[in-house]
Amino acid sequence: MAHYGAKVVVPIDLKKKPWEQKHPLHNRWHPDIPVVAEVKDGEVFRVEMVDFSGGGITSDYSAEDVKHADQSIKKPWEQALPLHNRWHPEIPPVAHVKVSEVFRVEMVDWTGSIIKDDDSAADVKFIDLSTVHYLSGPIRVVDKKETPAMPGDLLAVEICNLGPLPGDEWGYTATFDRENGGGFLTDHFPCATKAIWYFEGIYAYSPHIPGVRFPGLTHPGIIGTAPSMELLNIWNEREREVEENGHKSLKLCEVLHSRPLANLPSTKGCHLGKIKKGTAEWEKIAKEAARTIPGRENGGNCDIKNLSRGSKIYLPVFVEGANLSTGDMHFSQGDGEVSFCGAIEMSGFLELKCEIIRGGMKEYLTPMGPTPLHVNPIFEIGPVEPRFSEWLVFEGISVDESGRQHFLDASVAYKRAVLNAIDYLSKFGYSKEQVYLLLSCCPCEGRISGIVDAPNAVATLAIPTAIFDQDIRPKAGKVPIGPRLVRKPDVLRCSYDGNLPTTKNPAASM
């Protein structure tokens with residue numbers, strides 16, 4: 001498949017001076033200055049630029065470069081250090097930063113580039129999920145006197161800037177095979193599927209879901225601090241109990257079919273940064289280290305779609321230095337990320353700044369559990385968001401597809417709301433698989449609208465109508481009767497080869 005990203009027509013080499021560039025720069029206006037490139041009408045193109053001084057102003061703590069602005073251009077900081085995909089207090093930091101210092105972290109996509117921009121969903125179907133998520137870090141944080149963040153402190157992390165890695169402006173949304181990862185609606189959609197997205201500035205579009213274009217609210221899916229050994233043991237004990245006994249004790253397992261119920265520590269697919277595989281140290285830590293799949297007390301995989309530019313995350317510190325890690329970059333995501341591989345997943349970068357609030361855990365975080373470690377981060381949403389004025393909102397209540405009543409269960413209600421939205425939008429020329437992926441990655445808003453009026457919890461899913469190239473509101477006599485014409489092409493998909501039953505809505509449209 002051809003790459004639909006912008007072609008570079010004016011590249012910049014940061015190692016070279018302005019007059020040494022492949023296309024020499026200019027600093028005057030005149031009609032006789034010759035063109036260096038040409039573009040066609042309607043073509044998306046990329047122009048790279050140096051700063052206005054031509055790189056003469058540097059990051060040195062001096063004003064000499066301002067006085068003598070003809071000095072050589074400095075190369076920007078780039079990270080080339082081993083990644084990790086587990087949480088453990090003994091994974092060593094790969095870098096250290098001081099408070100108030102703006103630093104850049106670059107990340108691969110959460111699968112480590114396993115998912116490709118091609119014409120097949122086989123990479124999704126057969127992915128080895130023991131390797132995810134690949135995180136950049138850990139990063140040790142110290143104050144201006146070189147004193148590290150300490151257990152009990154609060155680490156305030158500000159997102160100054162973020163985006164896709166230059167030259168890699170594309171992403172993907174997918175559903176995993178039911179036998180290998182599944183998703184929120186895996187009992188309805190058991191097949192592996194994939195849609196590729198391309199970026200045009202702040203906008204995304206997909207040839208696999210035509211007629212849709214929307215601005216992305218780019219954010220990291222994962223950002224967190226390292227757990228202490230005590231906290232790690234708490235995680236492993238409670239999650240092992242759910243995985244081993246939850247099928248028998250949790251009635252929700254009869255309605256939500258994602259498996260396993262918890263991803264326990266495993267040496268398979270384990271990466272521990274600087275710790276070399278095969279050593280006694282690696283074997284010990286790999287058997288204890290927690291998977292990165294769920295969000296926990298340390299932050300982690302919270303998938304909060306609004307954590308974009310200007311946001312702050314207040315993370316509890318459990319180990320000396322905090323050991324901050326991040327990854328799982330998303331160009332855009334809907335609330336809930338319902339298809340599991342459900343944002344527009346991409347490689348990317350963050351530019352961050354940290355502050356240490358000494359004693360902040362006790363001061364600001366209230367433990368909700370048996371120990372002082374049972375706390376959760378606080379998030380401050382930034383001022384940058386897409387603006388939509390018209391929404392179509394779908395409601396769900398805690399009654400499952402068989403008609404069985406559940407007691408104030410918000411998960412069942414949200415599942416119902418998502419299914420209602422999928423069935424409705426499929427009337428407008430989309431396959432249900434297309435809508436499922438779309439609702440997972442477009443800027444839709446999920447809400448718990450009611451949680452007290454027994455027996456029904458009420459959840460809602462609001463979809464901005466402006467992302468479609470057609471009016472999707474109900475209208476008298478406007479939707480044709482009979483089979484709908486599915487837009488082509490559809491999402492990429494594989495067959496489901498398992499034998500688990502598919503859940504059906506008996507009265508829903510086919």
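Which side chain of opposite charge is nearest to R86, and how far away is it? In this predicted model, the answer is D128, at 8.0 Å. R86 is buried, yet it has no salt bridge. A salt bridge would need a side-chain nitrogen of Lys or Arg within 4 Å of a carboxyl oxygen of Asp or Glu.

R86 sits in a loop, with α1 (64-67) on one side and β3 (95-98) on the other. Its side chain does have polar partners. One is the side chain of N85, with which R86 makes a polar contact at 3.2 Å. Another polar atom belongs to the backbone: the oxygen of S266 lies 3.1 Å from a polar atom of the R86 side chain.

Strand pairing was examined next. Strands of a sheet pair through backbone hydrogen bonds, in either a parallel or an antiparallel sense.

R104 stands opposite E351 in β17, and M107 stands opposite G348 in β17. Strand β6 (residues 154-163) also pairs with β17 in the antiparallel sense, here over 9 bridges. In that pairing, I159 has L352 of β17 as its bridge partner.

An open sheet of 3 strands has the order β19-β21-β20, again with antiparallel pairing. Here β19 (391-397) and β20 (445-450) stand at the edges. Because each has a single partner strand, one side of each is left without a neighbour in the sheet. Neighbouring strands are turned by 25° against each other on average, direction ignored.

The pairing of β19 with β21 (residues 458-464) is antiparallel and spans 7 bridges. G396 has A459 in β21 as its bridge partner. A helix accompanies this sheet. Helix α6 (residues 410-425) lies across β19, β20 and β21. Its direction is about 135° to that of β19.

Methods: Residues numbered from 1 in each chain as written. Predicted model: local features only at pLDDT ≥ 70, side-chain atom pairs only at ≥ 80, totals over all residues. Heavy atoms only, no water. Helix = DSSP H or I, 4+ residues; strand = E, 2+ residues; numbered from the N terminus. Buried < 20%, exposed > 50% of the residue type's maximum accessible area, 1.4 Å probe, protein only. Lys, Arg positive; Asp, Glu negative; His and termini not counted. Polar contact = N/O pair within 3.5 Å; in protein donor to acceptor, adjacent residues only side chain to side chain. Pairing = 2+ DSSP bridges. Axes fitted to C-alpha atoms, helices over the stretch in contact; angles between N-to-C directions. Contact = heavy atoms within 4.5 Å.
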